[in-house]
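Subject: Handing over a structure, with notes

Dear colleague,

I am passing on the structure below, and I would be glad if you could read the notes that follow with the model open beside them.

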Amino acid sequence: MPPVSISDDDKTVSMTPELYRYLLAQTEPPSKVQQRLIEHTYALGHVAEMRIPHEQSTFLTLLTQITGAKLVVEVGTFTGYSTLAFALGLPPDGTVITCDLSAEWTGIARRAWQAAGVDERIQLRIGPATETLGALPEEESIDLVFLDADKVSYETYWDLLVPRVRPGGLLLADNVLYGGDAADPRCTGNARAIRRFNERVRADERVESVMLPIADGLTIARKRPATRSGPPPGGTS
């Protein structure tokens with residue numbers, strides 16, 4: 001791939017607080033249910049940073065509608081803001097399977113889903129996500145995937161889910177910039193895990209992908225109609 005030109009770099013806009021407020025003003029505002037969920041999540045303290053921002057949730061709803069998804073698999077529920085976004089974009093007979101370990105946080109989510117009238121579209125699976133994903137049918141039936149859980153396990157989730165996504169289906173991964181730290185070759189910890197995951201996705205011939213500077217970075221990968229057999233190549237560190 002040719003290097004990014006100076007002209008391309010000049011088209012990237014730095015996100016100032018003023019510009020971010022303008023961006024939000026151009027986005028459909030949160031519904032009453034979403035606003036209450038935002039407030040309940042903020043009340044949890046510093047862990048509230050795990051909630052995706054509202055403009056990203058709007059984007060997820062649009063993607064769900066555009067793709068005509070009927071089966072979404074989400075890894076990482078927290079208080080259910082992204083789950084709600086997917087459920088709102090699904091048809092009445094659609095399903096979101098969402099995985100988490102916390103009954104406390106997902107209890108907040110359940111009340112919001114019920115208030116929004118979409119709880120029948122959501123299947124919450126409490127327990128290790130690797131077990132939940134491994135128990136899913138092995139055929140290519142998933143329309144859309146969203147990864148937003150423990151970063152060191154992203155590659156494991158990827159390996160379990162790519163074979164189960166239908167050709168033309170989407171896999172989304174959140175926090176792929178990890179506050180900008182993933183761009184540093186010397187990064188450690190979660191940032192290092194994300195960097196390795198990004199390299200893995202970029203090298204995976206089963207998908208075509210793009211990384212977008214939405215929130216903390218969002219990768220969108222589309223499963224190619226014709227996929228290779230065998231495991232994907234490993235990324236370089």
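In H5, the buried residues are Tyr 81, Ser 82, Thr 83, Leu 84, Ala 85, Phe 86, Ala 87 and Gly 89, where buried means under 20% relative accessible area, exposed over 50% and partly exposed in between, with a 1.4 Å probe and protein chains only. The helix is thus described as mostly covered, with eight of its nine residues buried. Helices (H or I, at least four residues) and strands (E, at least two) are DSSP runs numbered from the N terminus.

Before going further, please note that this is a predicted model, in which local features need pLDDT of at least 70 and side-chain atom pairs count only at pLDDT 80 or more, while totals for chains, interfaces and linings use all residues. Residues are numbered from 1 along each chain as its sequence is written, and side-chain values use heavy atoms, with hydrogens and water left out.

Helix H3 (residues 32-42) packs with H5 (residues 81-89) at an angle of about 165°, their axes being 11 Å apart; axes are lines fitted to C-alpha atoms, for helices over the stretch in contact, and angles run from 0 to 180 degrees between N-to-C directions. That angle makes H3 roughly antiparallel to H5, a term for angles over 145 degrees, whereas those under 35 count as roughly parallel, 65 to 115 as roughly perpendicular and the rest as oblique. In this contact (heavy atoms within 4.5 Å), Val 33, Gln 34, Leu 37 and Ile 38 of H3 meet Tyr 81, Leu 84 and Leu 88 of H5. The residues of the contact divide into six nonpolar, one polar and no charged, with Ala, Val, Leu, Ile, Met, Phe, Trp, Tyr, Cys and Pro counted as nonpolar, Asp, Glu, Lys and Arg as charged, and the others, Gly among them, as polar.

**The sheet**

Seven strands form an open sheet of mixed pairing, in the order S3-S2-S1-S4-S5-S7-S6, two strands being taken as paired if DSSP finds at least two bridges between them. Strand S3 (122-126) and strand S6 (207-212) are the edge strands, each pairing on one side only. Direction ignored, neighbouring strands of this sheet are turned by 15° against each other on average.

Strand S1 (residues 71-75) pairs with strand S2 (residues 95-100) in the parallel sense over five bridges, and Val 73 has Ile 97 in S2 as its bridge partner. S5 and S7 run antiparallel and are joined by five bridges, with Ala 221 in S7 as the bridge partner of Leu 171. S6 and S7 also pair in the antiparallel sense, over six bridges, and they form a hairpin with five residues between them, where Ala 215 in the turn has a positive phi of about 55°. S7 is mostly covered, five of its six residues being buried.

Helix H4 (residues 54-67) lies across strands S4 (142-147), S5 (165-174), S6 and S7 (218-223), and runs at about 180° to S5. Helix H6 (residues 103-116) packs on the sheet and touches S2 and S3, its direction making about 170° with that of S3.

**Two residues in a loop**

Asn 175 lies in the loop between S5 and helix H9 (189-203) and has a positive phi of about 65° although it is not a glycine. Tyr 178, in the loop between S5 and H9, likewise is not a glycine and has a positive phi, of about 45°. Asn 175 is buried, with a relative accessible area of 16%, whereas Tyr 178 is partly exposed, at 26%.

With best wishes
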